[in-house]
Amino acid sequence: MKKYAITLIAFATLNLTFGQETITFPDQSTVITTGLPFMLIAPDARSASLGDMGVATSVDGFSQQYNPAKYAFSETKSGISLSYTPYLTRLVNDISLSYVTYFNRINEYSAFSVGFKYFSLGEIVLTQDANDPGVAVKPNEFAVDAAYTLRLSDQFAMAVAMRYMRSALRIDTIDPNANPGSTFGADITGYYQSEEEAYNDFNGRWRAGFAIQNLGPRFKYDDGGREVFQPTNLRLGAGFDFIFDEYSKLGITAEVTKYLVPTPPLLGFVDTVQDGDTEPNGTQDPNEPTIITAGQDNDVSFLNGVFQSFGDAPGGFSEELREFTWSLGAEYTYQDNFSFRAGYFNEAEDKGARKFFALGAGFKYTTINIDLSYLFSASKVQSPLENTLRFSLTFNFGDGEYDEY
């Protein structure tokens with residue numbers, strides 16, 4: 001499909017006048033943005049139907065995305081998972097996210113897993129004028145990773161993942177010297193799953209997990225561009241399984257997520273009266289240096305950015321709390337063959353305003369798991385995945401070889 005230029009420009013200006021001087025804040029926003037945002041899109045139907053969560057849910061084939069430490073608790077020896085997610089379906093039909101994972105439980109205490117994620121921006125036709133037939137280009141981004149999981153006790157495991165990410169968004173037909181941007185990152189994750197415990201009317205099991213994801217150096221999309229942060233983030237989650245009998249159970253899970261990159265500071269300048277003017281002109285002149293009026297400078301290393309991210313919001317502690325997104329999800333499973341899921345995701349209005357409900361279902365036939373999900377936006381900001389039906393497939397090998405329950 002052919003797509004031409006679509007440009008969205010948004011700005012806000014606040015002027016505070018004191019006599020003959022004005023402190024001007026041009027184009028201000030404290031919404032945190034990073035490079036490679038496709039890394040944070042929920043790639044599979046199960047996690048999407050639970051409100052984009054997965055760090056503390058029970059193990060499945062797509063645990064590589066959120067918490068590969070869960071593979072140490074898999075009852076299946078190994079598995080391959082595939083998913084395909086259409087993106088911006090209301091506008092175009094050729095933007096999509098594809099994801100494939102493979103895991104192998106080496107023994108009782110360890111597992112190995114790999115994943116490949118590919119984000120296609122479709123075909124874009126570049127033209128000089130109305131009579132130019134144009135040149136078709138296909139920008140894309142991808143990430144490949146591998147993880148090793150080690151079970152440290154009967155109830156707790158940790159994993160480390162290494163990742164290579166590449167972004168080919170710069171068009172080499174326009175600039176022959178254009179090179180794709182690339183970088184390396186790492187994940188550190190942990191997962192806890194208790195033994196089944198007996199309560200008055202049901203049995204139960206506790207779950208908890210954490211993940212520090214995409215921890216790595218800043219990178220450039222091109223040689224002349226500025227350095228940007230990876231989408232480094234912290235995920236914390238906990239859940240409980242209500243086991244009613246041998247046929248049915250209900251899992252409830254909650255998760256919070258926070259970017260571990262600096263909040264953009266508020267930058268301004270003192271706008272003074274110029275020769276011949278009777279009032280400030282609202283334009284920054286060479287003798288009016290930029291000043292940081294709130295927050296901190298975010299031109300720091302990625303490690304400094306991790307620690308700075310907990311205390312640099314211009315609005316103080318209350319704004320730091322608004323930088324956390326949260327999700328709630330519920331999953332009812334019958335005979336381990338059918339699942340019904342529902343979830344909700346929430347983000348503060350001034351931090352992106354993503355809010356949505358999701359529904360989904362899962363089916364198991366012999367060694368194959370089929371999952372699907374559907375998203376309903378609950379925000380005035382439309383989700384690019386709204387009204388999109390997503391499917392995922394998992395092929396299990398050696399099902400039931402390990403007994404974890």
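Q: How many residues line the second largest pocket, and which lie nearest its centre?
A: This is a predicted model; local features need pLDDT of at least 70 and side-chain atom pairs 80 or more, while totals for chains, interfaces and linings use all residues. Numbering runs from 1 along each chain as its sequence is written, and side-chain values use heavy atoms, without hydrogens or water. A pocket is an open set of 1 Å grid points, over protein atoms alone, where a 1.4 Å probe fits, with protein on both sides within 12 Å along at least five of seven lines; lining residues have an atom within 4 Å of a point. The lining counts 46 residues, and nearest the centre are Ser58, Val59, Glu75, Lys249 and Asp336.

Q: Which element gives the most to this lining of the second largest pocket?
A: Several strands (DSSP E runs of at least two residues, numbered from the N terminus) give two or more residues, including β12 (203-215), β13 (233-243) and β21 (389-397). The top contribution is five residues, from β14.

Q: Why does Ser383 count as buried?
A: Ser383 sits in the loop between β20 and β21. Leaving out residues up to four places away in sequence, Ser383 touches Leu375 and Ser377 (heavy atoms within 4.5 Å). Buried means under 20% relative accessible area with a 1.4 Å probe, protein chains only. Ser383 counts as buried because its relative accessibility is 16%.

Q: Which residues does Phe119 touch, not counting residues up to four places away in sequence?
A: Phe119 is among the residues with the most contacts inside the largest nonpolar core, as are Leu36 and Met39. Such a core joins buried Ala, Val, Leu, Ile, Met, Phe, Trp, Tyr and Cys through side-chain atoms within 4.5 Å. With those sequence neighbours left out, Phe119 touches Phe38, Ile41, Tyr87, Ile95, Ser96, Leu97, Asn140 and Glu141.

Methods. Buried means under 20% relative accessible area, exposed over 50%, partly exposed in between (1.4 Å probe, protein chains only). Helices (H or I, at least four residues) and strands (E, at least two) are DSSP runs, numbered from the N terminus.
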